[in-house]
Amino acid sequence: MALDQAVKLCLNRTNLEEPARLPAPVISAENLSLTFQTNDGPVHALSDVNLTIEKGDFVSFIGPSGCGKTTFLRVAADLEQPTGGTITVNGMSPEEARKSRAYGYVFQAAGLYPWRTIGGNIRLPLEIMGYSKAEQAERVSRTLGLVDLAGFEKKYPWQLSGGMQQRASIARALAFDADLLLMDEPFGALDEIVRDHLNEQLLALWDRTGKTIAFVTHSIPEAVYLSTKIVVMSPRPGRVTDVIESTLPRERPLDIRDSREFIEIAHRVREGLRAGHVED
Amino acid sequence: MRSIVPILTVLLVILGLWYAAAVPLNAQWARDQAARADTTLSASQLVEATWNQDRPRLPTPHQVGAELWKTTFESCVEGRRAGSIECITHRRSLFPHMWTTLSVTLAGFAIGTALGIGLAVSIVYSRAMDMSVMPWVIASQTIPILAIAPMIVVVFNSMGIPGFIPKAIIATYLSFFPVTVGMVKGLRAPTHMQLDQMRTWNASGLTTFLRLRLPTSMPYLFASLKVAVAASLVGTVVGELPTGAISGIGARLLNGSYYGNTMMIWAALIAAAVLAAIMIATISLAERVTLKRMGLAQ
């Protein structure tokens, strides 16, 4: 018995001392499939998707409608149940991850409650999760600062522009300590000028907070500009056709989009999308 | 100010039609009187005669107004000043009757609203309730209230519970329905996105209800409350008819029809309309204030 324990201790020690041990991936999917049964027969929203998202990654999902990019995010968030394969979030099942509040989810629309102020909206998840009053106040003002909305705490949503509302909804997802941010076309409804501005801010925020971000988009420039990894998907059945590791530096001014490297990556994304389409 | 002009226009049109209708409806009696006195009436004399009869088929607005004034502020005990407390509370005055009707209406409305919201919550949260209760809720309103009201009154009377409670139950019967239907729609009004969002925060069912479903349903609640309070008043008046016509606006209506006193009937009808208008205006005010504060006002 004593020997057993000694051996175990020893093993633990070697584990701790091992320097080059890789951190567990934030999201890991293996042969993930999801088939919706509809009146018109089964719809294969996801088919044998294999994907790993490492800590600190900024991963974009790009593809035409119906390619399953949103579905993948929803499965990771435990909003849909996969019909095959496995997926882990922070090493847990999606349900456990959701219950331990491991991720913040930003939807396509800001979805702020009109009867709450901006501060009140950001406070909502904190109230639900039972943070103390003092901590709520501290977190609200800190996250408002992160999205450049300091001073808007007492304003109501209708007093803000669409872009500001979407920033408030990002602040709401950042307010609690989730290291993973799932974003489902958060800027899809905004015009291009506002979108550029928000993309720049999102990158700065990602850099400052070190969060892992999974980001669904329709826009090739947006995907290339933001991501460290671009997942190209194609529809019917929804599957991954290409995973592109970006060679762009972490520091990205807006005019990086005119660089040769940027254009090459964008080209490869476009090729990937086209390849997915030909098989249709 | 902009809304007052159309309202006044409609009012004037109604008054015009009313006076116009009084002429042919009351003309027969006026002509008979003239024939008996061996005189003939000119057109203007006929109109004047039809508008000022003691027992008209259709009393004119000014006659109803006079009757209302007489039975509210002037229905006096000898020697008392018009408008004094003794006058207003006198049994010949309309006010005690209006109060009887109002108190039952409010009780029925309160119970009906509570019942309606309770049913709506159970329907929204339980599929079994949705499938089993909703059809009955709708079926309940297809039964004519005039058929069921006397039975409720008789059953409760035989159990030794007269008056207030059976009438309030009839009012409840009519008023829970709009609240149920409106609140089922209101509690289901949150979008999938909003519900998903609550799920991502791992919010409990109660939290989702209190923080999302209930606030979202407020515009629906107020819309159905306005219908419910009017329905409650109708239920109360119908409930007052078979109770022996002792007290209440329904009793005045019945009394008026017993004695062929059309002015009394019209005065009672106007009194009921005034009650309904006051209650609906109160709810509208509460609605405006609440929705404005919630940022939901249009």
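Predicted model: local features only at pLDDT ≥ 70, side-chain atom pairs only at ≥ 80, totals over all residues.
With 16 other C-beta atoms within 10 Å, A:Arg101 is partly exposed.

## Strand E6 of chain A and A:Leu182

Strand E6 of chain A covers residues 180-184 and contains A:Leu182. A:Leu182 has 26 other C-beta atoms within 10 Å and is therefore buried.

Leaving aside residues up to four places away in sequence, A:Leu182 touches A:Leu73, A:Ala76, A:Ala77, A:Tyr103, A:Tyr105 and A:Ala214. A further reference distance is given by A:Gly210, 28 residues from A:Leu182 along the chain, with the two C-alpha atoms separated by 14 Å.

## Overall form of chain A

Chain A comprises nine helices and nine strands. Its radius of gyration is 21 Å, close to the 19 Å that the globule rule gives for 280 residues, so chain A is as compact as a globular protein of that length. Taken along the principal axes, the C-alpha atoms of chain A fill a box of roughly 70 × 55 × 50 Å.

Of the 280 residues of chain A, 43% count as buried. Among the contacts in chain A with a separation of 6 or more, 69% join residues 24 or more positions apart.

## Overall form of chain B

Chain B has 12 helices and zero strands; read from the N terminus, its elements run α-α-α-α-α-α-α-α-α-α-α-α. The radius of gyration of chain B is 25 Å, whereas a compact globule of 298 residues would have a value near 19 Å. The C-alpha trace of chain B spans about 90 × 55 × 40 Å along its principal axes.

In chain B, 32% of the 298 residues count as buried. Residues 24 or more positions apart provide 70% of the contacts in chain B that have a separation of 6 or more.

## Helix packing: H3 with H12 in chain B

Two packed helices are described by the angle between their axes and the distance between the axes. For helix H3 (residues 61-72) and helix H12 (residues 262-293) of chain B, the axes come within 9 Å and cross at roughly 75°. H3(B) and H12(B) are therefore roughly perpendicular to each other, since that class takes angles of 65 to 115 degrees.

On the H3(B) side, the residues that meet H12(B) are B:Gln63, B:Val64, B:Glu67, B:Leu68 and B:Thr71. Their partners in H12(B) are B:Met263, B:Met264, B:Trp266, B:Ala267 and B:Ile270. By class, the residues of this contact comprise seven nonpolar, two polar and one charged.

## Helix packing: H10 with H11 in chain B

Helix H10 (residues 205-240) and helix H11 (residues 249-258) of chain B have axes 7 Å apart and pack at an angle of about 50°. That angle makes H10(B) oblique to H11(B). The crossing in which H10(B) passes H11(B) is right-handed.

The contact brings B:Val237, B:Val238, B:Gly239 and B:Glu240 of H10(B) against B:Ile249, B:Gly250 and B:Ala251 of H11(B). Four of the residues in this contact are nonpolar, two are polar and one is charged.

Helix H10 of chain B also holds B:Gly205. With 10 other C-beta atoms within 10 Å, B:Gly205 is exposed, the limit for that class being 12 or fewer. The C-alpha atoms of B:Gly205 and B:Pro59 are separated by 59 Å, and these residues are 146 apart along the chain.

## The contact between chains A and B

The contact between the chains takes 17 residues from chain A and 15 residues from chain B. Helix H9 (192-200) and H10 of chain B each supply at least two residues of the side of chain B that touches chain A. H9(B) gives the most to that side, with six residues. The residues on this side of chain B divide into six nonpolar, six polar and three charged.

Notes. Residues numbered from 1 in each chain as written. Chains lettered and ligands numbered in written order. Axes fitted to C-alpha atoms, helices over the stretch in contact; angles between N-to-C directions. Helix = DSSP H or I, 4+ residues; strand = E, 2+ residues; numbered from the N terminus. Parallel < 35°, antiparallel > 145°, perpendicular 65-115°, else oblique. Left-handed = near helix turned anticlockwise from the far one by under 90°. Contact = placed C-beta atoms within 7 Å. Nonpolar A, V, L, I, M, F, W, Y, C, P; charged D, E, K, R; others polar. Rg over C-alpha atoms; globule rule 2.2 N^0.38 Å. Buried ≥ 20, exposed ≤ 12 C-beta atoms within 10 Å, placed from the backbone.
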